[in-house]
Each structure stands twice: as structure tokens, then as C-alpha cells.
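Dear colleague,

Please find below the structure that I promised to hand over. My notes on what was found in it follow, and I would be glad if you read them beside the model.

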Amino acid sequence: MSTTITIMKAILMESASDWQTEKLLSVVIPTWNAVDLVLDAIEYLQQSGMPQWGELIVVDDGSTDETLVRLRQQFPNVVVIEQKSNQGFGAAVNTGFRAAQ
């Protein structure tokens, strides 16, 4: 398990019990050719109850693997933004932030 997912789990475990059912948090996950990692992260977030207290936005930063296809098949309710070419981590995060509600 990656450090990012481990940190995400720790934050969610500390915070989730205090949050109400209104959407208090937008989580932006930038990804580039990391299909298995991003699918694992989304699965964990959904198991944590995230659909109740937040929104999840995945920004695909020009992946050339099967990331987009598998995201849309396995998680049709997740907001997926496709960038046609790799623009870098910062650009992907900023794209996600702009889409956040």
C-alpha cells in the first residue's frame, strides 16, 4: 500500500466520525498511467463512506493505459475529468479544484 493511501486512511479515520452527511470535502485525485493505484484509492474512499460526506474527482492526466475505461466502468458515479495530454501534476490538481463544488 502506498504512503499516500496510508495517510488518506489515517485522516479519514480521524475525521469521518465528526462529519455530518452534507458534502464537506472535495477529494481530487490526479492520475497518470496508475490504474490499479487509483482504483484502490477510490475503493477505499467509497468504503469509508465518502459518497455521503464528500465528492470525489479524478483527473486523468493523459494516461495511455486503460485508466479511463476502467474508471468509467467500475465507478460510474465518480466525476472523471480527462485531459487529452499529460500536463503535469499541478495542472491536473488545478483542473480538479476548478471542478470541485
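Helices and strands are DSSP runs, numbered from the N terminus, with a helix being H or I over at least four residues and a strand being E over at least two. Please keep in mind that this is a predicted model, in which local features need pLDDT of at least 70 and side-chain atom pairs count only at pLDDT 80 or more, whereas totals for chains, interfaces and linings use all residues. Residues are numbered from 1 along each chain as its sequence is written, and side-chain values use heavy atoms, with hydrogens and water left out.

The protein has five helices and three strands, and from the N terminus on these elements run α-β-α-α-β-α-β-α. Of its 101 residues, 40% are buried, where buried means under 20% relative accessible area, exposed means over 50%, and partly exposed lies in between (1.4 Å probe, protein chains only). Of the contacts (heavy atoms within 4.5 Å) between residues at least 6 apart in sequence, 69% join residues at least 24 apart.

In helix 5 (residues 89-99), Ala92, Val93, Thr95 and Gly96 are buried. They cover an arc of only 155° around the axis, which puts them on the same side of helix 5; the arc is that of the directions from the helix axis to the C-beta atoms. These buried residues pack against strand 1 (25-31), strand 2 (54-61) and strand 3 (79-83), while the face turned away from the buried side carries the exposed residues Phe97 and Arg98.

Aspartate 60, which is found in strand 2, is buried yet has no salt bridge, and the nearest side chain of opposite charge, that of arginine 72, is 7.8 Å away. Leaving aside neighbours within four places in sequence, aspartate 60 is in contact with Thr31, Thr67, Leu68, Ile81, Glu82 and Gln83.

A search of the whole structure finds four salt bridges. One of them joins the side chains of aspartate 36 and arginine 70 (3.4 Å, N to O). Aspartate 36 lies in helix 2 and arginine 70 in helix 4, so the pair ties together parts that are 34 residues apart in sequence. Arginine 72 forms a salt bridge with glutamate 82, the closest N and O atoms being 3.9 Å apart. This pair links arginine 72 in helix 4 with glutamate 82 in strand 3, ten residues apart. Glutamate 82 also forms a salt bridge with lysine 84, with the closest N and O atoms 3.5 Å apart, and lysine 84 is exposed, with a relative accessible area of 72%.

Notes:
Lys and Arg count as positive and Asp and Glu as negative; His and the chain ends are not counted.
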